[in-house]
Amino acid sequence: MTVIDVTEATFQAEVVERSATTPVVVDFWAEWCGPCRQLGPILERETAKHGGQVVLAKIDTDANPGISQSFQIQGIPAVKAFRDGQVVDEFVGAQSPAIVERFFRKLVPSEADALARSGDEADLRRALELEPGRADAALALGGLLHRRGDAQEALGILEQVRGNFAAEGLAARIRLEQDPGPLELDAAWAALDGGDPETALTALLEGMAVAPDRKDDLRQAVIGILDPLGVDHPLARDGRRRLAAALY
């Protein structure tokens, strides 16, 4: 069912745990609340439009005061959207159908979201048709094409993405593979593909002294390796320090 009643006893399972797989919109309401009666049907209609992609959980704040206190509900209707066990969006008060529609649209995955997650080549291409320049789909498709040997097409797709370090790093790698100049980077790429980013980073950083004119591509390739590690990873911290030294 996509519209359910929840209580303090069922909230953890029906809202928090369920939201790990399906977004849950929680409607905090009470029988005496006029605006709640106005908003409720709008929420239910919007839930129905999404065909099981989202669950609407209704909780009576009078009958479940503990939940209201936990979420600091000070006015109703109050609506909170849960994904992966966390509140990701919310609003208070009766809203127009258009505002509620936008609220749900942000929460429920789009067609392109689902296509990008599939990893299938045809789906990734369709995701990019729907949302050109979408970074996750471009990176996945670019990586697939690169591994298959279609480097030029991969580069064309990746170069449409701006501001994504991983996509820019892979594009830089392809440019360096196509035109290495005096650089010897085969061992670096082999190390990277083999799960040894530290060896790859050392080779790329050393390459900056050998080919100063390729510093920008080398820098992007290095950042593309460091970024997925996260800021606190020891290799990421050391890599950023070494990159700064090599550049400046």
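Modeller: Let us begin with Cys33, which is buried, with a relative accessibility of 2%. Here buried means under 20% relative accessible area, exposed means over 50%, and partly exposed lies in between, using a 1.4 Å probe and protein chains only. Cys36 also counts as buried, at 7% relative accessibility. The model is a predicted one, in which local features need pLDDT of at least 70, side-chain atom pairs count only at pLDDT 80 or more, and totals for chains, interfaces and linings use all residues. Residues are numbered from 1 along each chain as its sequence is written, and side-chain values use heavy atoms, with hydrogens and water left out.

Cys33 and Cys36 are joined in a disulfide, with 2.4 Å between their sulfur atoms. The term is applied to a pair of cysteine sulfur atoms within 2.5 Å. The structure contains 1 disulfide. Its handedness follows from the torsion about the S-S bond of Cys33 and Cys36: the angle is about 80 degrees, so the disulfide is right-handed.

From the disulfide we may turn to the loops. Asp62 sits in the loop that runs between strand S3 (55-60) and helix H3 (65-70). Such labels refer to DSSP runs, numbered from the N terminus: helices are H or I runs of at least four residues, and strands are E runs of at least two. Apart from its neighbours within four places in sequence, Asp62 is in contact with Ala30 and Trp32, where contact means heavy atoms within 4.5 Å. Although 32 residues separate Asp62 from Ala30 in sequence, their C-alpha atoms are 6.2 Å apart in space. Asp62 is partly exposed, at a relative accessible area of 49%.

The loop between H3 and strand S4 (78-83) contains Pro77. The peptide bond leading from Ile76 to Pro77 is cis, and its omega is near 5 degrees. Gln72 is placed in the loop between H3 and S4, and its phi is near 55 degrees, a positive value in a residue other than glycine. Gln72 is exposed, with 65% relative accessible area. Asp84 belongs to the loop between S4 and strand S5 (86-92). The phi of Asp84 is near 55 degrees, again positive in a residue other than glycine, and Asp84 is exposed at 54% relative accessibility.

Charged side chains come next. Side chains of opposite charge can pair when their charged atoms come close. Glu101 is partly exposed, at 29% relative accessible area, whereas Lys49 is exposed, at 54%.

Another salt bridge pairs Arg219 with Asp216, at 2.6 Å from N to O. Because they are 3 residues apart in helix H12 (residues 215-226), Arg219 and Asp216 are separated by about one helical turn. Arg219 is partly exposed at 25% relative accessibility, and Asp216 is partly exposed at 43%. Elsewhere, salt bridges that share partners connect Glu121, Arg125, Arg148, Asp150 and Glu153 in one network. Within helix H6 (residues 121-130), Glu121 and Arg125 lie 4 residues apart, about one turn of the helix. Their side chains form a salt bridge of 3.0 Å, N to O. Arg125 is partly exposed, with a relative accessible area of 28%.

Finally, consider how H6 meets its neighbour. Two packed helices are described by the angle between their axes and the distance between the axes. The axes of helix H5 (residues 111-118) and H6 come within 8 Å and cross at roughly 150 degrees. Axes are lines fitted to C-alpha atoms, for helices over the stretch in contact, with angles from 0 to 180 degrees between N-to-C directions.

Notes: A salt bridge is a side-chain nitrogen of Lys or Arg within 4 Å of a carboxyl oxygen of Asp or Glu.
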